[in-house]
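Hi everyone, thanks for coming. Let's have the model up on the screen, and then I'll walk you through two parts of it.

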Amino acid sequence: MSRVIRAAVFQTAWTGDKESMIQVHEQAARDAAAQGAHVLCFQELFYGPYFCQVQDPAFYEYAEQIPEGPIVRRFQALAKELGIVLVLPMYEEEQPGVLYNTAAVIDADGSYLGKYRKTHIPQVKGFWEKFYFRPGNSGWPVFDTAVGKIGVYICYDRHFPEGWRALGLAGAEIVFNPSATSRGLSGYLWQLEQPAAAVANEYFVGAINRVGVEEYGDNDFYGTSYFVDPEAQFVGEVASDKEPELVVRDLDMAKLREVRDRWQFYRDRAPGAYGPLTAP
């Protein structure tokens with residue numbers, strides 16, 4: 001019997017302050033639930049600007065503990081109220097001076113399931129992330145949620161195929177990639193890499209990017225969030241490249257078995273030959 005997951009991603013612009021940004025996302029969760037969504041993922045560092053355009057220690061104040069901090073607690077209550085799984089990309093403080101780019105996963109009953117810490121950290125013009133984040137040490141967990149097995153990869157991670165495969169091997173059915181990526185830099189990759197990862201690893205991918213130009217730099221975030229299936233087909237329309245948008249799509253999990261039975265990529269892997277790939 002076919003199992004359909006109604007999934008959502010939300011792209012938006014920086015409002016100018018943290019509290020109003022949180023409220024925008026709370027409303028998006030309510031809107032997604034009203035449309036019958038079972039799971040929703042927000043954009044990278046969802047409650048703030050993309051402050052990595054500059055190197056300023058003032059932005060360390062955006063970090064908080066996960067799950068003990070107030071934002072996770074606030075969205076746990078909302079997830080329980082709405083009966084929806086939430087993926088919250090956040091700035092995490094493990095302890096003072098130990099900071100990560102992290103996604104917390106909240107189940108539909110409000111319980112905290114765990115977190116993924118971004119593994120690959122860029123340090124290039126306009127993306128000064130090593131100033132703010134340590135490389136993640138969480139591995140690539142897959143979360144057994146009320147709606148199925150969910151994985152998370154974050155922004156720059158998507159350029160590295162190893163984590164995509166690790167998530168597939170761990171049983172992921174949907175992998176979300178919350179991002180902050182700018183026009184003119186990565187546009188030629190945005191609708192190439194993630195569909196290719198969905199094909200190579202035979203699961204659905206939800207790609208999320210913010211929109212707009214923020215005051216901390218000249219990055220023009222181009223939205224175009226989408227869901228893509230394991231045949232590299234977009235599920236419905238791709239979102240606007242300029243406007244906030246909630247994308248809600250039905251994902252038919254029967255497609256996973258159909259594609260895996262056809263191609264047998266997991267059967268035909270040759271892990272014994274891959275040792276050199278892990279050499280520095």
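**A buried arginine and an open sheet**

Let's begin with Arg-249, which is buried and yet has no salt bridge. Glu-245 is the nearest side chain of opposite charge, and it sits 5.1 Å away. A salt bridge would need a side-chain nitrogen of Lys or Arg within 4 Å of a carboxyl oxygen of Asp or Glu. Please keep in mind that this is a predicted model.

So where does Arg-249 lie? You'll find Arg-249 in strand E15, which covers residues 245–252. What does its side chain meet? A polar atom of the Arg-249 side chain lies 2.8 Å from the backbone oxygen of Val-235. Leaving out residues up to four places away in sequence, Arg-249 touches Ile-5, Arg-6, Ala-7, Phe-227, Val-235, Gly-236 and Glu-237.

Now for the sheet. Five strands make up an open sheet, and if you read across, the order is E8-E9-E10-E11-E14, with mixed pairing. At the edges are strand E8 (142–145) and strand E14 (226–228), each pairing on one side only. On average, neighbouring strands here are turned by 25° against each other, ignoring direction.

Let's zoom in on one pair. Strand E10 (residues 174–179) and strand E11 (residues 204–209) run parallel and are joined by six bridges. Which residue in E11 is the bridge partner of Asn-177? That partner is Ala-207.

Last stop: helix H3, residues 161–169, lies across E8, E9, E10 and E11. Relative to E10, helix H3 runs at about 145°.

Key:
Residues are numbered from 1 along each chain as its sequence is written. This is a predicted model: local features need pLDDT of at least 70, side-chain atom pairs count only at pLDDT 80 or more; totals for chains, interfaces and linings use all residues. Side-chain values use heavy atoms; hydrogens and water are left out. Helices (H or I, at least four residues) and strands (E, at least two) are DSSP runs, numbered from the N terminus. Buried means under 20% relative accessible area, exposed over 50%, partly exposed in between (1.4 Å probe, protein chains only). Lys and Arg count as positive and Asp and Glu as negative; His and the chain ends are not counted. A polar contact is a pair of N or O atoms within 3.5 Å; within protein, one must be able to donate a hydrogen and the other to accept it, and residues adjacent in sequence count only if both atoms are side-chain atoms. Contact means heavy atoms within 4.5 Å. Two strands pair if DSSP finds at least two bridges between them. Axes are lines fitted to C-alpha atoms, for helices over the stretch in contact, and angles run from 0 to 180 degrees between N-to-C directions.
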